[in-house]
Amino acid sequence: MASPLPIVDSSDTTPNTLPVSETFVSIQGEGKLTGVPSWFLRTSGCNLRCTWCDTPYASWNPEGTRRTVGDLLAEARAAKVRHAVLTGGEPMLFAALAPLTHVLRDAGVHVTIETAGTLAPPSLPHCDLWSVSPKLAHSTPRDDPRDPGGAWAARHEQRRLNIGSLQRLLDAPGDHQLKFVVATERDLPEIDDLLSKLTGWTPADILLMPEGVTPPAPARRTAVAALCLARGFRYCPRLHIELFGNKRGT
Ligand code: SF4
């Protein structure tokens, strides 16, 4: 049974341990490496509070235990897969992420970091694929019963887009993808506006993903596909949802 953790919503400088809500081996379900067997590490704690967050146990109500870099490396090696996906929550909150990425690289493991792109510390971790998911306006938890008084809504709105951090991640070594959760066609102008402020991407790096934790209805898929066709972006299915449903550990 996972334990509640102190809420971490700003940078954590602890040098050698990370708060971990879960680790598991599964198929990467989203993005350029869809279908690749991978070891997943989900850090616990986030500086945002998306209203539709599908991992509230790593954001709204963080659970887990702190684990050392050495312990996590041993588990990744024992998983006998060549890809590690470091996700959250927001893994970039944690100073111990960088040393973990270095030992994974030294062990010959391909590293993906999944981040909302709001944080880019001076010393970036090693990363082979930056999987950045900027949060659009519909993510803000307006009138969310978990946020009486709206303190998180204000904080989330102020933090969710950080152009300087996004550009630093796009300029960092490694491959890149920008994944956008799309609720309606009305999200496209916000995506266009954000992309107009960034350099170092091509349309093939931009992925649009229908919002939701169940397989999208055909009409939703068609609508998002039409936006991809209009801009030359990639349609991003969620293979893990189709294969396993919205379950922890997948
Ligand atoms: S950034 Fe990710 S983990 Fe954090 S609240 Fe949003 S969806 Fe959840």
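By class, how many residues of the shell around the ligand are nonpolar, polar and charged? The shell has five nonpolar, three polar and two charged residues. The model is predicted, and the ligand in it sits in the largest pocket.

**Ligand site**
- The residues surrounding the ligand include three cysteines, Cys46, Cys50 and Cys53.
- Leu48, Arg49, Trp52, Thr55 and Ser59 also surround the ligand.
- Gly89 and Lys135 complete the list of residues around the ligand.

**Helix packing**
- Two packed helices are described by the angle between their axes and the distance between the axes.
- Helix α1 spans residues 69-78 and helix α2 spans residues 97-106.
- The axes of α1 and α2 come within 10 Å and cross at roughly 35°, and the crossing is right-handed.
- On the α1 side, the contact is made by Val69, Leu72, Leu73 and Ala76.
- On the α2 side, Pro99, Leu100, Val103 and Leu104 make the contact.
- The residues of this contact divide into eight nonpolar, no polar and no charged.

**Backbone features in loops**
- Gly88 and Gly89 are joined by a cis peptide bond, with omega at about 10°.
- Gly89 lies in the loop between β4 (83-87) and α2, and Gly89 is also one of the residues surrounding the ligand.
- Lys80 is not a glycine, yet has a positive phi of about 60°.
- The loop that holds Lys80 runs between α1 and β4.

Terms used. Residues numbered from 1 in each chain as written. Predicted model: local features only at pLDDT ≥ 70, side-chain atom pairs only at ≥ 80, totals over all residues. Heavy atoms only, no water. Near = heavy atom within 4 Å. 1 Å grid on protein atoms, 1.4 Å probe; cavity = no way out; pocket = protein on both sides within 12 Å on 5 of 7 lines; lining within 4 Å. Sits in = over half its atoms within 2 Å of the grid points. Nonpolar A, V, L, I, M, F, W, Y, C, P; charged D, E, K, R; others polar. Axes fitted to C-alpha atoms, helices over the stretch in contact; angles between N-to-C directions. Helix = DSSP H or I, 4+ residues; strand = E, 2+ residues; numbered from the N terminus. Left-handed = near helix turned anticlockwise from the far one by under 90°. Contact = heavy atoms within 4.5 Å.
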